[in-house]
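This report describes one protein chain for a reader who has not seen it before. Please look over the sequence and the structure, then read on.

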Amino acid sequence: MIRVSRLSIAPVRSLGLLHPPSIDLTETGVLEDRRFYLADEHGQLVDRITAGRLVRVSSWTNPEATRLRLTFPDGAVIDGDAELGEPIAVDIYERHAVGHVVVGPWAAALQPLAGRPVRLVRCDLPAGTRRRDGQVKNAVSVLSDGSLRRLAQELGQPSIDGRRFRMLIEVDGAEAHEEDAWIGRRIGIGSAELGIVKADARCAITTQDPDTGERDLDTLRAIIAYRGLNAKRQALFGVLGEVATPGRVSVGDEVRVGSSAS
């Protein structure tokens, strides 16, 4: 039986993960997930590709994203209302994010870890970003323990921490890459239902230690070595879905694999 083993969200994109016991999946995803992000003085996204140490800071927000709390490695906490300033738009990996700069002490406190001046931005839409086709549905990522075990074997490691892939839903009880067979089908988890649409293309963030942000494993080379590249020359690991039926998903929920999503 395949069950949910861990849930992971990041209220501020690229910062440390939170692991709630349950999440509420709306039509646009989890309201608190990736609602905030960082941009530099030129309006470009700042994330762990260039600033891996950001993962050492954890964040929390409420579903309305009106309050924000950051907890730093030295135990310092910044907590308060997310007061909005001027509007800003940033491209985030083939998506368009429209939001407002958050006024307050957060950005200055993050600057040493980011390694440059940054602005903290709150997305106007709960989904955070808008796709090129104009839709605001947010991808729901799923990864199995079987896939992690296979990658560990390829890397000669006893295990691989799934947090380095920053998947929303991790599941136990599956064979290696069993989730690939769900593409084009619907799966039920808790009271929610997902339509699995494609495999997940991975980036260099997966090579970083999920606690420190330091590069420690060549995960991409290992994935490519045994799975190859797709037509877009992407390394695929895990799957992405969209919310077909909103609902609550909890750790321990069974994954129910259904028929074709069409």
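## Contacts along the chain

Of the contacts in the protein chain with a separation of 6 or more, 71% are between residues 24 or more positions apart; contact means heavy atoms within 4.5 Å.

This is a predicted model, in which local features need pLDDT of at least 70, side-chain atom pairs count only at pLDDT 80 or more, and totals for chains, interfaces and linings use all residues. Residues are numbered from 1 along each chain as its sequence is written, and side-chain values use heavy atoms, with hydrogens and water left out.

## Overall form

The protein chain has 3 helices and 17 strands, taken as DSSP runs (helices: H or I, at least four residues; strands: E, at least two) and numbered from the N terminus. Its C-alpha trace spans about 45 × 40 × 35 Å along the principal axes. The radius of gyration is 18 Å, which agrees with the value near 18 Å for a compact globule with 262 residues; this radius is taken over C-alpha atoms, and the globule rule is 2.2 Å times the number of residues to the power 0.38.

Buried residues make up 49% of the 262 residues, where buried means under 20% relative accessible area, exposed over 50%, and partly exposed in between (1.4 Å probe, protein chains only).

## Nonpolar cores

In soluble globular proteins, nonpolar side chains tend to be buried together. A nonpolar core is here a set of buried Ala, Val, Leu, Ile, Met, Phe, Trp, Tyr and Cys residues joined through side-chain atoms within 4.5 Å. The largest one has 23 residues, and Leu25, Ile169 and Leu194 have the most contacts inside it. Strands that each supply at least two residues of this core include β1 (3-7), β2 (22-25) and β12 (169-172). With 3 residues, β14 gives the most to this core.

Leaving aside residues up to four places away in sequence, Ile169 touches residues including Val4, Leu7, Val140, Ile189 and Leu194. A second, separate core has 22 residues, among them Leu54, Val102, Trp106 and Val118.

Most residues other than glycine have a negative phi. Which way does phi go at His177? His177, not a glycine, has a positive phi of about 60 degrees. His177 lies in the loop between β12 and β13 and counts as buried because its relative accessibility is 11%.

Arg233 also has a positive phi of about 60 degrees and is not a glycine. Arg233 sits in the loop between α3 (219-227) and β15 and is exposed, with a relative accessible area of 65%.
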